[in-house]
Amino acid sequence: MTVTGRIHSTESFGSVDGPGIRFIVFTQGCRMRCEFCHNPDTWKIGTGIERTADDVLEEALKYKEFWGEKGGITISGGEPLLQMDFLIDLFKKAKAAGVHTTIDTCGQPFTREEPFFSQFNTLMEYTDLLLFDIKHIDNDAHKKLTKQANTPILEMARYLSEINKPVWIRHVLVPHRSDYDEYLIRLDAFIQTLQNVDKVEILPYHTMGKYKWQEMGLKYPLEGIEPPTETRVKNAKELLYTDNYTKYLTR
């Protein structure tokens with residue numbers, strides 16, 4: 001039986017989604033409804049272009065000569081972990097071709113229950129790095145920001161630490177939502193409990209995806225909220241001690 005995935009789009013020369021130059025695959029489907037989402041067109045599950053792993057890998061390998069030593073394939077979304085069979089098939093074949101593999105995920109689908117847990121562990125065998133998005137450390141605030149609890153997300157972070165799978169923690173800094181010292185200090189305390197964090201990235205909230213909400217006839221929930229100032233971004237980096245997480249760059 002041929003495994004297929006639902007794909008929204010691809011990008012040939014990504015430079016901010018993992019080490020080096022990356023071929024980015026944006027999967028279709030996500031259960032989160034982040035107020036700052038710049039890809040709401042990836043939300044709907046079951047739509048998108050149906051593609052095989054062989055097809056996607058063949059397209060990606062056309063650009064391999066540009067990746068250098070650190071580049072490779074990054075699977076983003078949407079939420080990639082909603083399509084586990086496809087990811088396993090793609091990454092298994094990618095590793096056989098000598099490709100560095102990265103997943104950009106919020107971790108919301110994670111559970112230690114079967115069959116997900118066994119599939120997840122199989123996927124981790126072929127995954128070199130995870131870009132792990134922690135949207136908000138406070139559960140109530142997380143529900144307001146994303147319409148989902150952060151419980152499975154933090155549990156996945158703990159499990160990745162247990163198995164020592166390298167991660168880059170990503171945190172979108174949103175004024176009036178996550179940009180409060182109390183929350184940033186709590187997030188840092190949580191990150192300090194993890195043993196596998198190679199990097200922490202602060203991603204300043206922006207409004208570049210606002211037009212997609214408008215095109216889809218959706219009310220933009222952060223209307224009137226401006227991106228954080230340079231001072232607040234610097235403050236977040238200091239509170240999260242981002243300069244301490246540089247292991248990946250020196251391996």
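Trainee: Where is the place of Leu82?
Mentor: Happy to start there: this is a predicted model, where local features need pLDDT of at least 70, side-chain atom pairs count only at pLDDT 80 or more, and totals for chains, interfaces and linings use all residues. Residues are numbered from 1 along each chain as its sequence is written, and side-chain values use heavy atoms, without hydrogens or water. Helices (H or I, at least four residues) and strands (E, at least two) are DSSP runs numbered from the N terminus. Leu82 lies in the loop between strand S4 (72-76) and H2.

Trainee: Is Leu82 buried, partly exposed or exposed?
Mentor: Buried means under 20% relative accessible area, exposed over 50%, and partly exposed in between (1.4 Å probe, protein chains only). With a relative accessible area of 27%, Leu82 is therefore partly exposed.

Trainee: Which residues is Leu82 in contact with, leaving aside neighbours within four places in sequence?
Mentor: Contact means heavy atoms within 4.5 Å. With those neighbours within four places left out, the partners of Leu82 are Gly29, Cys30, Arg31, Ile45 and Pro109.

Trainee: How do H2 and H3 lie: roughly parallel or roughly antiparallel?
Mentor: Axes are lines fitted to C-alpha atoms, for helices over the stretch in contact, with angles from 0 to 180 degrees between N-to-C directions. Angles under 35 degrees count as roughly parallel, over 145 as roughly antiparallel, 65 to 115 as roughly perpendicular and the rest as oblique. The axes of H2 and H3 come within 9 Å and cross at roughly 20 degrees. H2 and H3 are therefore roughly parallel.

Trainee: And what about H3 and H5: roughly perpendicular or oblique?
Mentor: The axes of H3 (residues 116-125) and H5 (residues 151-162) come within 13 Å and cross at roughly 50 degrees. H3 and H5 are therefore oblique.

Trainee: How many nonpolar residues are in the contact of H3 with H5?
Mentor: From H3 come Phe117, Phe120, Asn121 and Met124, and from H5 Met156, Tyr159 and Leu160. Ala, Val, Leu, Ile, Met, Phe, Trp, Tyr, Cys and Pro count as nonpolar, Asp, Glu, Lys and Arg as charged, and the others, Gly among them, as polar. The contact has one polar residue and no charged ones, and its nonpolar residues number six.
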